[in-house]
Amino acid sequence: MQVFLQTLIGGVTFGAVYALVAMGFSIVYRTMGLVNFAHGSVVMIGAYAASTFYLATRLPFAIAIAVAIAVTGLIGLIIERFLRPLENKDFTLMLIGTIGFGAVLEAGAVLIWGATGHAVPSPVPTEPLDLGGIRIPTYSLLVIAVAAAATGLLALFLQRTKRGAAMQAVAMDHQAATAVGIHVGRSNAMAFAIGAGLAALAGSLIGPMLYVNPTMGGTLGIKGFAAAMLGGFGSMPGAIVGGMTFGLLDAFAAGNFQEYSELVTFLVFAVIVMIRPTGVFGETTVNRA
């Protein structure tokens, strides 16, 4: 039972990070009907930016994360600005454009930080909490709490603010939204900026748990993408459920199958998607092509 609970905690911790990545995918998809294949690379840039400001300039970890979110938010705005002329004209080129941006970001990371990567020390005491024999890493509690707070703030933004309501309206029908005076381009730009910010938050939080390197975005991007599919692409609750499910699958597969864990995780994922192709919270999605 103790091993089970320890694995459960590890799964929830990584699941919280995957959920943030999946929400970044979903918010862009909901608004534009576009899968942003540069998203994994933005996660990597977020991890590098936060760790650099945290280690090199000695900023408090929370402020380093905020700066990283600002940096990647700007990257999100730039990507959207380059893709905007293609919206409603050439969907395939938009997809290729996101792949190209991902490659550029990875090459840029190698140019700036080198190809070897670096480790990031935990910003909180490394001594785990002992609750009845179950040892809980304090950093895991921090990751779960920050991810939960970010999810709550995003939900409040989407449901209680005019900007959020505008984004929801664009997601449902962008032509009707345009007819009532909503600036669709501005809404799309905000979706990209928020998605990039979520990616930076995920990358910043995962930094002390993994080795920060230029290729980390590939793995995290694929797992975040799979989590979004599992929950139902475009669904924000689905992204949370998918992220948690994928994190738990990942943790229990690693604990029981070791070197075959990735294979087992994606096999289970494939079976679930075959049974329910639209995901747990599958929605009728938007294709602007």
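How many cavities of 30 Å³ or more does the count come to? The count comes to one cavity of that size, 30 Å³ or more. The model is a predicted one, in which local features need pLDDT of at least 70 and side-chain atom pairs count only at pLDDT 80 or more, while totals for chains, interfaces and linings use all residues. Residues are numbered from 1 along each chain as its sequence is written, and side-chain values use heavy atoms, with hydrogens and water left out.

**View 1. The largest cavity holds about 50 Å³ of space.** A cavity is a set of points, on a 1 Å grid over the protein atoms alone, where a 1.4 Å probe fits but cannot get out, and its lining residues have an atom within 4 Å of a point. Grid points are joined across faces, edges and corners, and the volume is the space filled by probe spheres set on the points. The lining consists of G24, V28, N36, H39, V42, G76, I79, F192, G195 and A196. Helices α1, α2, α3 and α8 (184–206) each supply at least two of the lining residues, and α8 has the largest share, with three; helices here are DSSP runs of H or I with at least four residues, numbered from the N terminus. By class, five lining residues are nonpolar, five are polar and none is charged, where Ala, Val, Leu, Ile, Met, Phe, Trp, Tyr, Cys and Pro count as nonpolar, Asp, Glu, Lys and Arg as charged, and the others, Gly among them, as polar.

View 2. The elements that give two or more residues to the lining are α1 (2–32), α5 (138–160), α6 (162–172) and α10 (236–257), and α5 gives the most, with five residues. The lining divides into 10 nonpolar, four polar and one charged residues. A pocket is an open set of grid points with protein on both sides within 12 Å along at least five of seven lines.

**View 3. R58 has a positive phi of about 60° although it is not a glycine.** R58 lies in the loop between α2 and α3. With a relative accessible area of 69%, R58 is exposed, a word that means over 50%, whereas buried means under 20% and partly exposed lies in between (1.4 Å probe, protein chains only).

**View 4. L198 is placed in helix α8.** At 7% relative accessibility, L198 counts as buried. The C-alpha atoms of L198 and A147 are separated by 9.4 Å, and the two residues are 51 residues apart along the chain.

**View 5. F82 is placed in helix α3 (residues 61–83).** At 58% relative accessibility, F82 counts as exposed.
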